[in-house]
Each structure stands twice: as structure tokens, then as C-alpha cells.
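Subject: Structure handover

Hello,

Please find the structure below, with notes on what turned up in it.

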Amino acid sequence: MHYVRRTVQWFFLRLEKLFNLVFGDRLNPLYHLGAIAYLMTWVAVVSGVYLYIFLDTGVKEAYESVERITHNHFYIGQIMRGLHRYASDGMVLAMTLHLLRHFAFDHYRGFRWYSWVTGVFVLWLVYASGINGFMLPWDRLAQFVTIATAEWLDWLPIFSEPMARNFLHEGSVNDRLFSLLAFMHIGISLMLLLVLWVHTQRVARAETNPPRRLALPLLLALIVISLAWPVLSQGPANLDTVITALEFDWFYLAIFPLIYAWSPEKTWWLVLGGTGLLVLLPWLPPLRRAAKGFRLTLRPGDDIVVAHAGESILEAGLRAGIALPFECRSGGCGECKCTILQGSVDHGAYQESALTEEERRAGKALMCCATPLSDLDIECETIGLVRDIPIRVFMARVEQQELLTVDVMRVMLKPLDPEPIRFHAGQYINIVLEDRERRAFSFATAPHESDLIELHVKLVPGGAFTTYVFNAMKAGDTLRCEGPLGSFYLREDSDRPIIFVAGSTGFAPVKSMVEYAFHAGLRRPMYLYWGVKTVGDFYMKELPERWAREHANFKFIPVLSEPAPGDNWTGRTGTVHEAILHDFPVMSDCEVYACGSVGMVESAHSAFLLKGMTEDRCFSDAFNFAPHIKGQGGEVIET
């Protein structure tokens with residue numbers, strides 16, 4: 001079994017590498033097999049509902065109604081029938097590859113047994129529903145499937161009389177049979193949807209929707225196939241004749257020739273034996289040695305989780321409620337790369353393009369593939385460590401746009417979710433684009449004013465999304481959002497002075513935190529150091545100036561790094577952290593909240609530590625406005 005699994009794994013790794021060259025690592029269909037199977041299921045369900053509306057359940061009416069649907073509905077019926085057939089076939093193909101891939105990469109043992117075993121039940125229900133569906137048109141193929149199924153079931157000692165005797169001659173069946181077949185098809189399909197839901201319950205943040213840029217071409221392909229190779233009936237059924245030649249569907253009906261080539265008994269032993277083998281596979285040799293759970297410390301944040309035996313770092317983190325970055329979950333994209341500071345891991349199987357040998361020697365690992373071999377200390381990007389507010393995906397409508405400077409746009413979003421959006425002051429949301437790329441923007445709104453979400457968007461040269469915001473986006477457009485995210489938020493369990501450090505649009509989360517602090521009645525001294533290049537970059541300077549006038553515990557210190565001669569600037573100049581160090585030569589009694597570019601945050605953090613600041617009192621949210629090249633096509637993506 002070990003060599004079989006490794007052989008299949010070898011095959012998948014090379015096929016995935018080829019597909020990465022063709023589709024890119026984010027749209028590789030082999031990384032989204034489960035989600036594609038879900039998509040095919042929903043296409044089959046929707047098209048099936050359409051067909052059922054126009055289907056007549058009767059001996060003569062069934063065939064005639066299916067013919068009307070196929071030929072008299074201006075191609076819609078033909079497309080719907082094709083979608084129902086080809087999506088069902090696609091579902092079997094995706095599910096089979098999904099099962100093989102989990103077997104190949106040893107993702108069926110230990111705690112994963114639940115999803116594996118329920119997946120076996122899903123397979124049974126898919127085949128039962130599909131075979132039952134072939135009976136409904138009552139053509140020659142339906143006649144063969146119905147009689148063969150009856151003869152196959154007759155071997156089981158559960159029927160008092162043979163079922164096949166009900167199909168001996170024309171006229172031996174009546175309309176009640178088709179009412180029963182339609183009822184069974186609907187009932188089995190509903191049961192399938194229920195077991196699918198159960199199947200994904202043990203998988204943290206299970207993917208049930210493929211990327212839109214993958215789903216739309218798949219739907220288009222199904223429509224094209226439905227038009228190019230329409231699904232047609234094979235002549236009306238006639239029980240007085242023997243079926244000798246048929247156009248066959250080998251995705252669902254491959255077992256039926258064996259009933260006659262072997263015998264019903266041998267075919268049952270094959271099916272039941274294969275099912276038993278699949279169900280027992282998680283407990284069959286080669287077995288893993290029993291291993292205790294290992295403790296994982298995720299930095300920054302010092303969050304501690306316990307990984308089950310055989311559980312990857314990513315699975316352990318997601319199960320514990322920590323929103324870690326990931327995309328393919330298959331070792332193909334490198335999105336979940338982390339650094340192992342202490343401890344050892346089994347790196348697992350992955351694409352070399354996602355983790356180079358140099359990176360591996362430097363202590364890097366892919367969280368989706370690496371399983372702990374000891375307690376671990378890990379450095380990784382955490383996009384959400386706040387437990388009391390769940391991360392949600394919601395749609396939001398653009399309510400208003402206001403150009404604050406030539407390169408900063410204020411965007412007001414109205415969440416379309418009836419449940420209010422909850423977040424902590426300082427957190428952020430992701431705007432999820434059509435290709436599933438994400439753009440992060442901090443809440444500029446205070447949590448107590450969450451009817452509208454305020455974002456400050458800085459134009460990134462070459463950035464696809466920010467260019468859209470400045471040139472094409474308008475009121476009424478909708479955006480897909482994900483959040484709240486991030487561990488950068490205002491802590492209220494202290495009375496130490498707060499120093500806010502903002503660079504450019506890093507003012508957005510600071511605005512959220514300061515306005516919340518005023519609303520909550522915090523009396524702690526607060527200092528805002530806002531650093532930009534020129535006077536024109538202060539896009540809301542009058543707001544912190546008003547705060548300083550209205551609140552005795554708040555002070556605003558603007559800093560210019562490159563004042564222009566025409567600015568007539570008489571205030572502080574230089575880097576923002578140097579201005580802070582001038583005012584606070586000793587920082588052991590302060591808390592710092594820094595938000596801005598990576599360079600600014602890193603420089604400030606290092607300098608503050610030298611002046612007595614401790615790690616647990618320095619909170620930061622660094623971002624990079626510079627575009628970088630990412631993806632197979634070399635497209636420019638802003639971060």
C-alpha cells in the first residue's frame with residue numbers, strides 16, 4: 001500500500017507541476033478538486049430542478065416530455081439536459097481525483113478518518129442518484145439500466161419476490177413506477193447534499209467554491225459541450241425487445257457490463273469489498289506510530305495551539321481559529337510559507353517552485369504540508385488572531401467616494417449583510433477580487449460607527465485594484481469583503497501613555513483607534529505622530545488638529561520627511577521615529593501602535609527597543625505600497 005500511494009503521489013506531483021505552467025498555481029484545477037465537485041453538484045441540482053418542472057411522470061409521458069424539453073425549448077432545454085448530464089459526469093471525475101489525491105498525500109488517516117469515511121458515503125449516494133436518474137427518461141438506455149439494476153438487486157436476500165419480473169413485457173409497468181423513481185431521485189439527492197455538508201464539517205475553512213476565474217470557464221465549457229454534443233434519448237423503451245447496442249455513460253454505468261460478464265454475485269462482492277476497503281483504509285497498514293500532540297507557538301502574537309498527530313501546521317492553526325494565510329492548501333503556491341524558529345517538521349510533498357532548497361535550509365516551511373515532529377516555535381504572517389469576533393465574508397455596496405489628495409481616495413462602503421459588522425479598532429478587511437487575490441485595507445471607521453465602513457485607498461502605480469478605484473469605481477458598485485482580520489487593535493487593559501505612529505494612509509487604523517478611545521472614555525495620554533513627505537500628503541490634517549483642541553489627553557505632532565520649499569513648513573522634519581525619540585528618550589513606560597510602510601515600521605520598532613520599549617508593548621501593522629510581480633503571467637499586483 002505504501003508503494004501504491006507513493007506512485008500515485010509521484011503522478012500527481014508531476015501533473016500538478018504541468019498544470020501550474022498552464023493555469024498558474026492559483027487556478028490549478030487539481031488544487032480545487034473538492035470545490036469543483038461542489039460546483040458540479042450545484043449545476044446538476046439547478047439543471048435538475050428545471051428538468052423536473054417539465055417532466056411528466058408516466059410510462060408514455062416520461063419519454064415524450066423529455067423529448068419536448070430537449071427539442072422544443074429554444075436550446076434552453078437542450079442546454080439544461082446537457083448541463084445535468086455533463087455536470088454529473090464532471091462531479092464523478094472531480095470526486096474520484098479528489099479521493100485519489102487525498103490517498104496519494106496520506107490525508108486520510110488519524111483525525112482525517114471522519115472526512116474520508118463520510119466521503120465514501122457521498123460516493124454511494126452520488127452513484128445511487130445518478131443511476132436512478134438514468135431511469136427517468138424511459139428510453140432504451142433507461143430500460144437497460146432499470147432491468148439490470150433489478151437483476152442485480154435480486155441477488156440480495158431482502159426481497160420476497162424478484163424485482164426483475166416486473167419488467168418481463170410491455171405493459172407490465174405503470175405510472176406509479178415513474179412517480180416512485182422521481183421521488184427516489186429527489187430524496188437521494190437531498191440526502192447527498194446533507195452528507196456533503198457533514199463531510200466538510202471537520203475541515204477548517206473548507207473550500208466549497210472554486211475561484212471565479214476557474215468556475216466561469218468550467219460553466220462555459222459545460223454549455224459548449226451541451227450544444228456541440230447534445231444529450232439525446234436513444235429511442236423509446238420497449239420491454240418486448242432485448243437491448244443489444246447502446247451509447248453508454250462509463251462514468252456512472254461502468255459496473256453494469258460486469259453484472260453480465262461475471263454475475264450479480266461477483267459484482268456485489270467487488271462493490272461491497274471495494275467499499276469496505278475504502279472505509280477501513282485509515283486503519284490499515286502501513287500504520288503511523290502513535291504520536292502525541294505537539295505544541296505550536298505562532299509569532300508574532302505568542303499564540304499557542306496543539307497539533308494533532310499527523311496534522312499540518314495550517315490545519316492546527318485554522319482549527320484553533322487563527323486566520324493564517326493560505327491559498328491552494330496543496331504545496332503549490334507558497335502563500336502559507338513560514339519560518340521554523342525552533343523544532344523540527346516533516347516538510348511533506350510540495351512543488352519545488354513553492355519552497356526552494358535554499359529557503360528550506362534557511363528554516364522555511366509550507367504550513368499546508370509541514371507536520372510537526374516536535375514542539376515548534378514558528379514565525380508566520382497571521383491575518384487574524386482575535387477570537388471573540390468571527391471572520392465573515394460579506395458583500396458591500398460603494399456608497400460614496402471622495403478624493404482627499406491626488407493619490408488618496410476615501411471610500412465609504414455599506415455592508416449588505418443584515419447582521420452588523422463587528423470589529424476591533426485597528427483591524428482591517430480584505431477586498432476579495434474576482435481572481436481571489438486580496439487587497440487589505442484598514443478600517444478607518446470606529447467600531448461604534450459600523451453602519452458604513454470607511455477606507456483610505458492610496459493609488460498604487462500599476463496596481464489593478466487601486467487603478468479601478470480611482471478610474472472606474474462608482475457609487476452602487478459592490479465589493480466582496482472578508483474580515484475583520486488582524487491582531488493590530490487597541491488594547492484597553494492598561495493606563496500607560498499611547499504613542500500612535502502613522503505613515504501616509506497608516507492614519508486610517510489610527511483614526512479608528514483614536515475615535516474609539518474617545519467614545520470609550522479612555523483618559524490615557526495619547527500622542528499621534530503622523531509622518532508624510534510633503535504638506536499635501538496630509539489628507540485629513542484638520543481632523544487630528546480638532547481632536548487636539550477638544551481633548552486635553554491628546555496631542556498631534558505632524559512630521560515631514562521631504563518638505564518642499566513652497567510648503568513653508570515650520571514644524572518637525574525628518575523621520576517620524578526620530579521625532580518620537582527626541583520627545584521620548586526613554587520609552588519603557590509607553591505603548592506604541594505603529595502603522596505604515598514596512599521600512600518605517602521596522603525602523604521605528606528597532607529604535608524603540610533600544611530605548612527601553614518591550615516587545616509586548618509595541619504593536620504594529622506594516623504594509624507595502626510598492627507593486628511587485630507575482631503570478632505566472634507576470635501581472636503587477638499591489639499589496
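Cysteine 338 stands opposite alanine 365 in β5. The two belong to a pairing in which β3 (residues 337–342) and β5 (residues 364–366) run antiparallel and are joined by three bridges. Strands here, like helices, are DSSP runs numbered from the N terminus (E, at least two residues, for strands; H or I, at least four residues, for helices). Two strands count as paired if DSSP finds at least two bridges between them.

Before the rest, a word on the source. This is a predicted model, in which local features need pLDDT of at least 70 and side-chain atom pairs count only at pLDDT 80 or more, while totals for chains, interfaces and linings use all residues. Residues are numbered from 1 along each chain as its sequence is written, and side-chain values use heavy atoms, with hydrogens and water left out.

Strand β3 also pairs with β7 (residues 376–379), again antiparallel and over three bridges. In that pairing, isoleucine 340 stands opposite isoleucine 378 in β7.

The six-stranded sheet

Six strands form an open sheet with antiparallel pairing, in the order β11-β10-β13-β8-β9-β12. From one strand to the next, the twist averages 40 degrees. Axes are lines fitted to C-alpha atoms, for helices over the stretch in contact, and angles run from 0 to 180 degrees between N-to-C directions.

Within this sheet, β10 (residues 428–432) and β13 (residues 478–485) pair antiparallel over four bridges. Asparagine 430 stands opposite glutamate 482 in β13.

Two helices pack on the sheet. Helix α14 (residues 464–471) touches β8 (392–405), β9 (408–415), β10, β11, β12 and β13, and its direction makes about 110 degrees with that of β12. Contact means heavy atoms within 4.5 Å. Helix α15 (residues 507–520) touches β11 and β12, and its direction makes about 155 degrees with that of β12.

Strand β13 also holds proline 484. The peptide bond from glycine 483 to proline 484 is cis, with omega near 0 degrees.

Cysteines

How many disulfides does a search of the whole structure find? The search finds zero, taking a disulfide as a pair of cysteine sulfur atoms within 2.5 Å. For cysteine 333, the nearest cysteine sulfur is that of cysteine 328, 3.7 Å away. Cysteine 333 counts as buried, with 18% relative accessibility; buried means under 20% relative accessible area, exposed over 50%, and partly exposed in between (1.4 Å probe, protein chains only). For cysteine 618, the nearest cysteine sulfur is that of cysteine 590, 11 Å away. Cysteine 618 is buried too, with a relative accessible area of 10%.

Backbone

Most residues other than glycine have a negative phi, and most peptide bonds are trans. Tryptophan 138, not a glycine, has a positive phi of about 50 degrees. Tryptophan 138 sits in the loop between α5 (113–135) and α6 (140–153) and is buried at 4% relative accessibility. Serine 504 has a positive phi of about 55 degrees, although it is not a glycine. Serine 504 lies in the loop between β14 (498–503) and α15, and is buried with a relative accessible area of 19%.

Regards
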